Amino acid sequence: MEDMEMQEGTSMMISYARQDKAFVKKVYDALVAADDAATGQRNERKIWVDWQDIPPSGEWLEQIHRAIETHDCFVFVLSPNSIKEEVQSWEVDWAVKNGKRIVPIVCQEVDYRDVRKELASLNWIFFRPEGDDFGSAMKLLIKMLDTDLRHASYHTKLLNRAIDWERHDFEKSLLLSGDDLKRAKHWVAASALGKEPKPTTLHVSYITASEGLSSHMKQRKLVALFFAFIVIIGIAFPAW
């Protein structure tokens with residue numbers, strides 16, 4: 001497996017059937033080359049691809065889940081092979097559960113009726129060898145990946161904080177506060193105005209819990225200030 005650390009740009013995981021590996025390598029190389037042309041630097045974009053043919057296992061599945069959780073976009077390679085693979089279906093399930101931006105790209109002709117609804121309902125980018133221009137398709141792919149880049153990146157950041165909170169039995173010390181909470185609320189508001197991807201149930205639960213704790217702490221501070229004021233009055237005016 002490969003997890004390349006890069007400094008900027010949309011991060012993505014590419015999900016594909018092993019029979020389509022040559023096509024995925026071509027897309028991968030084109031993404032890296034596009035970054036080179038735009039910045040003069042290699043590896044600006046973070047791209048996660050499982051290049052190895054590792055049999056599914058608990059550890060392998062955990063790595064796949066982690067890759068989906070920690071990357072902004074989930075690129076799914078549509079082909080007659082991938083739409084039949086159980087492993088690819090598991091990956092789509094996890095991407096949907098975590099509210100990821102899903103970008104389907106078509107490397108071979110498939111029938112919409114054979115594709116699960118979470119993918120069939122989205123806009124596809126066509127890379128078919130018969131009649132589709134690879135360069136034009138790559139431009140569309142990069143445009144889609146980089147739409148609302150900061151919004152998608154924050155979705156990933158907040159999701160992983162929420163996952164950490166959930167996995168630590170909803171530890172209060174892991175909740176948002178101060179400027180972090182304000183930013184999270186602004187992000188939710190932007191999502192309501194149409195920006196994608198949308199917050200998941202876990203995002204909302206995390207922010208709501210953070211708001212609840214913040215309000216509780218403010219109330220406690222007000223009560224403490226009130227009693228401190230009473231004490232000060234008692235000291236200043238003992239016979240009052």
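Author: Happy to! Let's start at Pro197, which sits in the loop between α7 (178-192) and α8 (201-236). Please keep in mind that this is a predicted model. The peptide bond joining Glu196 to Pro197 is cis, with omega at about 0 degrees. For context, most peptide bonds are trans, and most residues other than glycine have a negative phi.

Asp169 is found in the loop between α6 and α7, and its phi is near 55 degrees, a positive value in a residue other than glycine. Asp169 is exposed because its relative accessible area, 65%, is over the 50% cut-off. In the loop between α5 and α6 (149-167) you will find Asp148. Asp148 is not a glycine either, yet its phi is positive, about 50 degrees. With a relative accessible area of 29%, Asp148 counts as partly exposed.

The largest nonpolar core has 25 residues, and the members that touch the most others are Ile105, Phe127 and Leu141. Two or more residues come from each of β2 (12-15), α1 (21-39), β3 (47-49), β4 (73-78), β5 (101-106) and α5 (134-145). Helix α1 is the top contributor to this core, giving seven residues. If you click on Ile105 and set aside its neighbours within four places in sequence, you will see contacts with Phe23, Val27, Val75, Phe76, Val77, Leu78, Ile125, Phe127 and Leu141. There is also a second, separate core of 19 residues, with Trp48, Ile68, Val106 and Val115 among them.

The axes of α2 (residues 58-69) and α3 (residues 86-97) come within 10 Å and cross at roughly 40 degrees, so α2 is oblique to α3. The crossing of α2 past α3 is right-handed. On the α2 side, the contact is made by Trp60, Leu61, Ile64, His65, Ile68 and Glu69, while α3 brings Val87, Trp90, Glu91, Trp94 and Ala95. Sorted by class, this contact of α2 with α3 has eight nonpolar residues, one polar and two charged.

Definitions and conventions
Residues are numbered from 1 along each chain as its sequence is written. This is a predicted model: local features need pLDDT of at least 70, side-chain atom pairs count only at pLDDT 80 or more; totals for chains, interfaces and linings use all residues. Side-chain values use heavy atoms; hydrogens and water are left out. Axes are lines fitted to C-alpha atoms, for helices over the stretch in contact, and angles run from 0 to 180 degrees between N-to-C directions. Helices (H or I, at least four residues) and strands (E, at least two) are DSSP runs, numbered from the N terminus. Angles under 35 degrees count as roughly parallel, over 145 as roughly antiparallel, 65 to 115 as roughly perpendicular and the rest as oblique. A crossing is left-handed if the near helix is turned anticlockwise from the far one by less than a right angle, and right-handed if clockwise. Contact means heavy atoms within 4.5 Å. Ala, Val, Leu, Ile, Met, Phe, Trp, Tyr, Cys and Pro count as nonpolar, Asp, Glu, Lys and Arg as charged, and the others, Gly among them, as polar. A nonpolar core is a set of buried Ala, Val, Leu, Ile, Met, Phe, Trp, Tyr and Cys residues joined through side-chain atoms within 4.5 Å. Buried means under 20% relative accessible area, exposed over 50%, partly exposed in between (1.4 Å probe, protein chains only).
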